[in-house]
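User: I've just started learning to read protein structures, and I'd like to go through one step by step. Could you take my questions about it?

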Amino acid sequence: MNLHLFLLWLVVSFFLHLLPIMSSSQHDYSDALSKSILFFEGQRSGYLPNDQRMTWRRNSGLSDGWTHNTDLTGGYYDAGDNVKFNFPMAFTTTMLAWSVIEFGELMPPSELRNSLVALRWSSNYLLKSVSQLPNRIFVQVGDPIADHNCWERPEDMDTPRTAYAVNAPNPASEVAGETTAAFSAASIAFRSSDPGYSQTLLQNAVKTFQFADTYRGAYSSNDDIKNDVCPFYCDFNGFQDELLWGAAWLRKATGDDSYLNYIESNREPFGANDNVDEFGWDNKVGGLNVLVSKEVIEGKMYNLEAYKASAESFMCSLVPESPGPHVEYTPAGLLYKPGGSQLQHATTISFILLVYAQYLSRSSLSLNCGTLTVPPDYLRRLAKKQVDYILGENPMGLSYMVGYGERYPKRIHHRGSSLPSIADHPGAIGCKDGSLYFNSTEPNPNVLIGAVVGGPGEDDTYDDNRSDFRKSEPTTYINAPFVGVLAYFAANPSFS
């Protein structure tokens with residue numbers, strides 16, 4: 001072989017070697033979007049509709065609320081268990097609604113419809129949870145201790161379906177504050193397609209906020225329920241951020257200046273200048289600052305400048321080249337926070353990166369990080385890196401969305417997915433009988449399409465292990481913000 005042919009062979013071999021890597025960045029964001037929304041059908045509780053697409057699921061939780069002579073059917077199981085925790089479910093609802101508000105116009109009509117169906121499934125349930133206000137709010141259905149000691153399909157549940165209520169003057173500010181945000185955001189999302197329902201949601205948002213603000217405190221301080229809500233979904237960050245979050249969404253939904261005054265006057269007393277680099281079901285400060293920044297950037301409400309300053313501080317902490325403190329990333333570039341379910345941070349923070357970029361773009365502004373000027377597209381690229389990591393561009397070569405791509409987790413920590421469906425096994429599978437399936441090394445028989453699992457550890461490694469719930473369990477609050485993120489990139493597939 002002469003030298004020219006040899007060099008040509010080297011060049012061709014090099015590019016052939018690169019083909020899998022080069023093609024891996026070409027994700028089908030539209031497909032991922034469709035699946036991210038479909039996931040919620042697998043989490044449904046209650047009577048399932050005739051158009052249910054996740055057909056291995058059946059009706060469940062049909063007696064929820066009977067101990068209080070109240071209908072509490074419906075809503076979502078928040079993760080791989082069979083409990084309805086209203087706190088993360090309300091956050092899920094808020095984020096589904098915010099996804100529609102910011103990015104619904106970018107969705108294909110069919111997926112916008114599916115997003116609104118998913119949103120209504122949880123908002124309808126939350127309306128039931130506040131039906132006895134002004135003096136009572138329901139915060140949870142299902143005994144979590146008993147539930148977590150069983151491995152059974154939701155259709156077979158024989159554990160106590162205890163309905164946990166908080167009665168005035170006992171407080172539940174974090175749950176009621178987040179539910180306020182959920183109703184307010186959903187009222188905006190439904191405003192054009194169902195104005196009557198939108199108004200109902202808004203009226204209940206006002207009523208729910210009155211309960212949250214009048215009886216200030218955490219629901220986990222209630223001796224009657226704290227052992228059954230902790231350590232699952234206590235608000236370890238305090239309840240004040242949910243009060244500000246609820247008021248900010250009411251302001252957005254109503255335009256009422258009283259809520260503007262509330263978020264302005266209570267920012268420092270409620271400590272909203274602390275922990276500004278967090279956003280999730282437990283800590284709303286990062287999202288709160290971004291949401292309120294719109295009032296400053298587009299509405300010229302400079303009395304709220306402190307919120308914008310905190311939002312920019314958070315955005316700058318995500319930019320590796322910026323001066324000052326930074327958030328942590330794994331060696332391969334995934335946002336990392338201590339604890340389990342790493343991908344909840346990737347999806348929520350990617351969402352507010354895109355939202356803040358939208359606010360800046362509409363006003364022809366950039367982010368200022370000391371001497372560094374960061375254009376909006378840089379924030380979008382940061383978000384895209386997280387999305388692409390989740391969809392397969394990671395050291396494991398694994399899509400962390402079930403059913404997307406060729407390789408994805410097959411042994412997720414999820415009862416309904418891991419146990420045979422009623423179609424395949426009509427007989428009930430008892431509480432401890434499910435252990436056989438839990439301990440199996442076989443893939444789950446039912447594919448929970450669209451579920452985003454907790455994800456890898458800080459070293460970017462992932463074992464497809466059903467028992468490692470911190471990594472292998474999907475949750476609704478991981479998926480909800482991802483709907484909006486995927487809608488943006490599906491509509492802008494060439495963005496880089």
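What follows is a set of questions and answers about this structure.

User: Before we dig in, what kind of model is this, and how are its residues numbered?

Analyst: Residues are numbered from 1 along each chain as its sequence is written, and side-chain values use heavy atoms, with hydrogens and water left out. Local features need pLDDT of at least 70, side-chain atom pairs count only at pLDDT 80 or more, and totals for chains, interfaces and linings use all residues, since this is a predicted model.

User: Okay, which residues does the UniProt annotation "active site" cover?

Analyst: The annotation comes from an unreviewed UniProt entry; UniProt positions are given in the numbering used here, feature names are shortened, and annotations may be inferred rather than shown by experiment.

User: Is His 413 buried or exposed?

Analyst: His 413 is found in the loop between α14 (376–390) and α15 (415–418); helices (H or I, at least four residues) and strands (E, at least two) are DSSP runs, numbered from the N terminus. Leaving aside neighbours within four places in sequence, its contacts (heavy atoms within 4.5 Å) include Gly 80, Trp 151 and Glu 473. On the scale used here, buried means under 20% relative accessible area, exposed over 50%, and partly exposed in between (1.4 Å probe, protein chains only). At a relative accessible area of 9%, His 413 is buried.

User: Which of the annotated residues are in the lining of the largest pocket?

Analyst: On a 1 Å grid over the protein atoms alone, a pocket is an open set of points with protein on both sides within 12 Å along at least five of seven lines, while a cavity is a set where a 1.4 Å probe fits but cannot get out; lining residues have an atom within 4 Å of a point. From the annotated set, the lining of the largest pocket takes in His 413 and Glu 473.

User: What is the volume of the largest pocket?

Analyst: The pocket has 33 lining residues, and the closest to its centre are Phe 232, Tyr 233, Trp 281, Gln 344 and Tyr 477. α13 (343–362) and α17 (469–472) are the elements that give two or more residues to this lining. A volume is the space filled by probe spheres set on the grid points, which are joined across faces, edges and corners. For the largest pocket that comes to about 870 Å³.

User: And how many cavities of 30 Å³ or more are there?

Analyst: The largest cavity has a volume of about 60 Å³. Its lining includes Arg 57, Tyr 77, His 414 and Arg 415. Searching the whole structure for cavities of 30 Å³ or more gives 1.

User: In the open sheet of 3 strands, what is the strand order?

Analyst: Two strands pair if DSSP finds at least two bridges between them. β1 and β2 (residues 136–141) have 2 bridges and pair in the antiparallel sense, and 5 bridges join β2 to β3, also antiparallel. β1 (84–85) and β3 (163–167) are the edge strands, each pairing on one side only. That makes the order β1-β2-β3.

User: What is the omega of the cis peptide bond between Ala 168 and Pro 169?

Analyst: Most residues other than glycine have a negative phi, and most peptide bonds are trans. Pro 169 is found in the loop between β3 and α6 (173–189). A cis bond joins Ala 168 to Pro 169, with an omega of about 10°.

User: Last one: what is the phi of Asn 69?

Analyst: Asn 69 is in the loop between α2 (29–42) and β1, and counts as exposed at 75% relative accessibility. Its phi is positive although it is not a glycine, at about 55°.
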